[in-house]
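Subject: Structure handover

Hi,

Here is the structure I promised you.

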Amino acid sequence: MSSWNLKEHKEWKPCANKSVSQTELPKSNGFLIIEANGGLNQQRLSICDAVAVAGLLNATLVIPIFHLNSVWRDKSNFGDIFDEDFFIETLGNRVHVVRELPSDMLQRFDNNISNIVNLRVKAWSSPAHYLQKVLPQLLEMGCVSFPPSVSSPLVGLQFF
């Protein structure tokens, strides 16, 4: 029964060993905005997927926006539920993260975030799909958005 030996499992360990300093991250290919929808678990899945996609595309992830759900009617923001500083710091050596879209980028879209192209991606899309279909649009426009979705596009897929 060595798998249950508490002495061996006293702390959580990351599943990935890849780690680079903030200065070693390559220049970002653009900004990725996601809107998370549903209950906390669906929002968490959307956030995890967004981190994975941002890493794959070398995009800067904007702190996720929580879409007001017609069922839950919860007006909470990311910072109301999660520690934004910890989120940014924890991902800092893997993915660029910003609290909000920079004003110069927002001006490209007439200061209206809803003018940013909303890309619909089928659930279970492969990394190749993101690299072939999403990355070119990200590079061209500088910013793309994923609409709220209860079905997570990358459930279980890890890029790190």
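Let me start with the aromatic rings. Searching the whole structure turns up 5 aromatic pairs. One of them joins Phe-66 and Phe-82: the ring centres are 6.3 Å apart and the planes meet at 75°, so this pair is edge-to-face. The cut-off behind that label is an angle over 60 degrees. The two residues are 16 positions apart and come from distant parts of the chain. Phe-66 belongs to strand S3 (residues 65–66). Phe-82 sits in the loop between helix H2 (78–81) and helix H3 (84–91).

Please keep in mind that this is a predicted model.

How covered are the two rings' residues? Phe-66 has a relative accessible area of 10%, so it is buried. Phe-82 comes out at 29% and is partly exposed. Both residues also belong to one aromatic cluster, made up of Phe-66, Phe-78, Phe-82 and Phe-87.

Gln-43 lies in helix H1 (residues 40–57). Is Gln-43 buried or exposed? Its relative accessible area is 8%, so Gln-43 is buried.

Now the overall layout. The chain holds 5 helices and 5 strands. Read from the N terminus, the elements run β-α-β-β-α-α-β-α-α-β. Of the 160 residues in the chain, 36% are buried. The chain exposes about 10400 Å², and carbon and sulfur atoms supply 53% of that area. Take the contacts in the chain with a separation of 6 or more: 77% of them involve residues 24 or more positions apart.

Next, the strands. Follow S1 (residues 31–36), which pairs with S5 in the parallel sense over 4 bridges. In that pairing, Ile-33 has Ser-145 of S5 as its bridge partner. S1 also pairs with strand S2 (residues 60–62), again parallel, over 2 bridges. There, Phe-31 stands opposite Thr-60. S1 and S3 run parallel too, joined by 2 bridges. Glu-35 of this pairing stands opposite Ile-65 in S3.

How much of S1 is covered? Of its 6 residues, 5 are buried, so to speak mostly covered. S1, H1 and S2 together make a right-handed β-α-β unit.

S5 (residues 143–146) deserves a look of its own. In a regular strand, side chains alternate between the two faces of the sheet. Both faces of S5 are covered. Cys-143 and Ser-145 are buried on one side. Val-144 and Phe-146 are buried on the other.

That brings up the cysteines. How many disulfides are there? The count comes to 0. A disulfide is a covalent bond between the sulfur atoms of two cysteines. The cut-off used for the count was sulfur atoms within 2.5 Å. As for cover, Cys-143 has a relative accessible area of 0%, so it is buried. Cys-48 stands at 42% relative accessibility and counts as partly exposed.

With a relative accessible area of 14%, Val-97 is buried, because buried means under 20%. Which residues does Val-97 touch, leaving aside its neighbours within four places in sequence? It is in contact with Thr-60, Leu-61 and Ile-63, and also with Phe-87, Ile-88 and Leu-91. Of these, Thr-60 is the residue that stands opposite Phe-31, and Phe-87 is a member of the aromatic cluster.

Best wishes

Key. Residues numbered from 1 in each chain as written. Predicted model: local features only at pLDDT ≥ 70, side-chain atom pairs only at ≥ 80, totals over all residues. Heavy atoms only, no water. Phe/Tyr/Trp six-rings, centres within 6.5 Å; stacked < 30°, edge-to-face > 60°. Buried < 20%, exposed > 50% of the residue type's maximum accessible area, 1.4 Å probe, protein only. Contact = heavy atoms within 4.5 Å. Areas by Shrake-Rupley, 256 points an atom, 1.4 Å probe, with all protein chains shown as cover. Pairing = 2+ DSSP bridges. Right-handed = clockwise from strand over helix to strand, strands pointing away.
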